[in-house]
Amino acid sequence: MGSVKRLVFVVLAVASLAAPAVADNGLFRVFAECVGRFSAEREHAWLVGDPDAALYEDQHRVFLSLLDATLPRDRARDALAHRVEVKMAHASLLQRATFSQHPEQVTRARQLAASYRKTCQHLLLDS
């Protein structure tokens, strides 16, 4: 977790120096999406007793920090709405992956959830 903390520090430092550029490119939406995904992953992991729950909690925290560092204050409502939408969609995907009675839906939902999760994880240097 030490390298994740270093990464967060570097991103926060860079974001504070380049706040206008970061805010204009919508980077906060990417981080809001990852916050929503890891919020769903964390809650689902708790529900099903997945040992990765702590990892998802850590990643959720990291993306919250990144979101906070890049979020233009006038876009806070947009970011929150996006987080909630993504969280609900990802939670639905995880529910299908776990509880669907159709094997093809289970396989597809697992693949999609893993792909979305990896997309966010690749934003972190130590993943």
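Glu 41 and Arg 117 are both buried, where buried means under 20% relative accessible area, exposed over 50% and partly exposed in between, with a 1.4 Å probe and protein chains only. Glu 41 forms a salt bridge with Arg 117, and their closest N and O atoms are 2.9 Å apart; a salt bridge here is a side-chain nitrogen of Lys or Arg within 4 Å of a carboxyl oxygen of Asp or Glu. The pair links distant parts of the chain, with Glu 41 in helix α3 and Arg 117 in helix α6, 76 residues apart.

This is a predicted model, in which local features need pLDDT of at least 70 and side-chain atom pairs count only at pLDDT 80 or more, while totals for chains, interfaces and linings use all residues. Residues are numbered from 1 along each chain as its sequence is written, and side-chain values use heavy atoms, with hydrogens and water left out.

The protein chain contains six helices and zero strands, and from the N terminus on its elements run α-α-α-α-α-α; helices (H or I, at least four residues) and strands (E, at least two) are DSSP runs, numbered from the N terminus. Of the 127 residues in the protein chain, 39% are buried. The accessible surface of the protein chain comes to about 7600 Å², with 58% of it belonging to carbon and sulfur atoms; such areas come from the Shrake-Rupley method with a 1.4 Å probe, and for residues only the protein chains shown count as cover. Among contacts (heavy atoms within 4.5 Å) between residues at least 6 apart in sequence, 71% join residues at least 24 apart.

Helix α5 covers residues 76-99, and its end C-alpha atoms are 34 Å apart, which agrees with the 34 Å that its 24 residues should span at 1.5 Å a residue, the expected span being 1.5 Å times one less than the number of residues. The buried residues of α5 are Ala 79, His 82, Val 86, His 90, Leu 93, Leu 94 and Ala 97, and what covers them includes α3 (27-48), α4 (53-70) and α6 (103-121).

Some of these residues also belong to nonpolar cores, each a set of buried Ala, Val, Leu, Ile, Met, Phe, Trp, Tyr and Cys residues joined through side-chain atoms within 4.5 Å. In the largest core, which has 17 residues, Phe 63, Leu 66, Leu 67 and Ala 79 touch the most other members. Both α3 and α4 supply at least two residues of this core, and its largest share, seven residues, comes from α3. A second, separate core of six residues includes Ala 40, Leu 93, Leu 94 and Ala 109. In soluble globular proteins, nonpolar side chains tend to be buried together.

The structure holds nine salt bridges. Within helix α3, Arg 37 and Glu 33 lie four residues apart, about one turn of the helix, and form a salt bridge whose closest N and O atoms are 3.4 Å apart. Arg 37 counts as buried because its relative accessibility is 10%, whereas Glu 33, at 28%, counts as partly exposed.

Arg 75 is found in the loop between α4 and α5, and its C-alpha atom is separated by 9.0 Å from that of Phe 28, 47 residues apart along the chain. The side chains of Arg 75 and Asp 78 meet in a salt bridge (2.6 Å, N to O); Arg 75 is partly exposed, with a relative accessible area of 30%, and Asp 78 counts as partly exposed at 35% relative accessibility. Elsewhere, salt bridges that share partners join Arg 42, Glu 43, Glu 57, Asp 58, Arg 61 and Lys 87 into one network.
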